[in-house]
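Hi everyone, thanks for coming along. I'd like to walk you through one structure today, so please have a look at the sequence and the fold before I start pointing at things.

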Amino acid sequence: MTEAVPSPAPAPAPSPVPAPSPAPSGPLAGVRVVDLSRLAPGPYCTMLLADLGAEVIVVGGGRAGVAIAEFSRGKRHVALNLKAPEGRAALHALVKTADVLVEGFRPGVAERIGAGYAELSALNPRLVYCALTGFGQDGPRAREAGHDITYLALSGVLGGLGPKGAPPEAPLNLVADFAGGSLIAAIGILAAVIEAKASGRGQFIDAAMMDGALSLMAMHLPLWKTPHWPERGDGLLGGGAPFYRTYACADGGFIAVGALERGFFETLWRTLGLGEPPDHMRRDLWPYIERQLAETFAGAPRDHWTTLFAGTDACVAPVLAPDEVWNDPHVAARHPGCGPNRVPAVPRLSRTPAEARPLDLSDHTTEVLREIGLSDEQARAAAAPDDGEGRSGLAWPPELR
């Protein structure tokens, strides 16, 4: 009796071809950025680059790799298993096509996952490699954990914020994370990309949030312990001057006054009907000025004062809650269609404008790896495993951050 010959196993069906992603436009069109970062400063930095037309590919991919979805607009997500040689090989193939790589690991971590500068720049000598960290690549704290408030505390920023007689207050995580981190990193990346166009060589960018916070204090550090800023909660900009602070209104709202210059102060005083303006720079008159302003603003609701000062040069504005911003006439006129989950793309460029492109958190692994020449089989071997909940990607453990 002839033994039956088993049928060969069917070949795996080819992966469906995803719809092609629209080509970015803008001044950075043609610049490819590989983003390995997770915590807020890196993704915000690359969002700014994406808004300006860069092609940003987030490695780590899928929804599991997205720390803040709003920073993912205009980006594609690739889920690679960087613990496997196939995943690292796919990353290296991608880096060979890139202009920029951004990572936010502590020093030494990128090298352990095959993504260090020496290894990647050998593959692509024109690569601009930005390491965006809290404390930078060297110094006693380089490997320590930190958050925005940590860098504010150590840079002198936090020690100067908040009212007298009360603990210092951090302004959300705007200063170190985003201004000192994301924005400074973006400036460094743009400068290095321009230089690489001329030299053909990339370079390593050591962008530290601590350094950025120090740079942001360039104007204020020399003023500390002077009449302009004698202590926290005092001075022209620190909360002591009655013409540069907020006042409570009758309805519980607040009005912000920034009438520093003489002309602005005179307009403020006269618009409020308070008579002849005093010399607002005489500190001995500050208690009187504060009392007059406080009593006057407390006498009517916030929106009354908003209407009264509309169109005047007194530097007076309502203090809007975050959910009120989008109804402000100026914001609504300049940024129609924006809202809490869609901030505007900035700045405005006349010929190649920035664009807040659509948010897409789908998995683009196959699409991107096909584009750089990998087969479907290689893409499957390189991809990060599904987590069992329909999500794939590499969510970095705390020790790698």
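Let me begin with how I number things: helices are DSSP runs of H or I with at least four residues, strands are E runs of at least two, and both are numbered from the N terminus. With that in hand, please keep in mind that this is a predicted model.

Now to a spot I'd like you to find. Where does proline 347 lie? Proline 347 sits in the loop between helix 11, residues 329–334, and helix 12, residues 365–371. Most peptide bonds are trans, and most residues other than glycine have a negative phi. I'll come back to phi in a minute.

First, the overall picture. The protein chain has 13 helices and nine strands. There are 401 residues in the chain, and 42% of them count as buried. The accessible surface is about 20,300 Å², with 59% of that belonging to carbon and sulfur atoms. If you take contacts between residues at least 6 apart in sequence, 66% of them join residues at least 24 apart.

Let's go to helix 1, residues 41–51. How many of its residues are buried? The count is 10 of the 11, so helix 1 is largely enclosed by the rest of the structure. The buried set is Pro41, Gly42, Pro43, Cys45, Thr46, Met47, Leu48, Leu49, Ala50 and Asp51. Just after helix 1 you'll find glycine 53, with a positive phi of about 105°.

Next, helix 5, which spans residues 148–155, and two of its packing partners. Let's take helix 6 to start with, residues 174–199. The axes of helix 5 and helix 6 come within 7 Å and cross at roughly 85°. An angle from 65 to 115 degrees counts as roughly perpendicular, and these two helices are therefore roughly perpendicular to each other. On the helix 5 side, the contact is made by Asp148, Tyr151 and Leu152; on the helix 6 side, by Leu174, Val175, Ala176 and Asp177. Sorted by class, that contact has five nonpolar residues, no polar ones and two charged ones.

The other partner is helix 7, residues 209–216. Helix 5 and helix 7 pack at an angle of about 50°, with their axes 9 Å apart. That makes helix 5 oblique to helix 7, and the crossing is right-handed. Who makes the contact here? Helix 5 brings Tyr151, Leu154 and Ser155, while helix 7 brings Met209, Met210, Ala213 and Leu214. By class, this contact has six nonpolar residues, one polar residue and no charged ones. Do look at Tyr151 while you're there: Tyr151 takes part in the contact with helix 6 and also in the contact with helix 7.

While we're in this area, have a look at glycine 181, which lies in helix 6. Is glycine 181 buried or exposed? Glycine 181 is buried, with a relative accessible area of 0%. Leaving out neighbours within four places in sequence, glycine 181 is in contact with Leu132, Ala176 and Met209. From glycine 181 to aspartate 211 there are 30 residues in sequence and 8.5 Å in space, C-alpha to C-alpha.

Back to phi, as promised. Leucine 172 has a positive phi of about 50° although it is not a glycine. Leucine 172 is in the loop between helix 5 and helix 6, and at 68% relative accessibility it counts as exposed. Lysine 225 is another non-glycine with a positive phi, about 65°. You'll find lysine 225 in the loop between helix 7 and strand 7, and at 60% relative accessibility lysine 225 counts as exposed.

My last stop is tyrosine 247, in strand 7. At 1% relative accessibility, tyrosine 247 counts as buried. What does tyrosine 247 touch, not counting residues up to four places away in sequence? Its contacts are Pro242, Gly253, Phe254, Ile255, Val257, Glu290, Leu293, Ala294 and Phe297. As for Ala294, it is 47 residues from tyrosine 247 along the chain, and their C-alpha atoms are separated by 6.0 Å.

Conventions
Residues are numbered from 1 along each chain as its sequence is written. This is a predicted model: local features need pLDDT of at least 70, side-chain atom pairs count only at pLDDT 80 or more; totals for chains, interfaces and linings use all residues. Side-chain values use heavy atoms; hydrogens and water are left out. Buried means under 20% relative accessible area, exposed over 50%, partly exposed in between (1.4 Å probe, protein chains only). Contact means heavy atoms within 4.5 Å. Accessible areas come from the Shrake-Rupley method with a 1.4 Å probe; for residues, only the protein chains shown count as cover. Axes are lines fitted to C-alpha atoms, for helices over the stretch in contact, and angles run from 0 to 180 degrees between N-to-C directions. Angles under 35 degrees count as roughly parallel, over 145 as roughly antiparallel, 65 to 115 as roughly perpendicular and the rest as oblique. A crossing is left-handed if the near helix is turned anticlockwise from the far one by less than a right angle, and right-handed if clockwise. Ala, Val, Leu, Ile, Met, Phe, Trp, Tyr, Cys and Pro count as nonpolar, Asp, Glu, Lys and Arg as charged, and the others, Gly among them, as polar.
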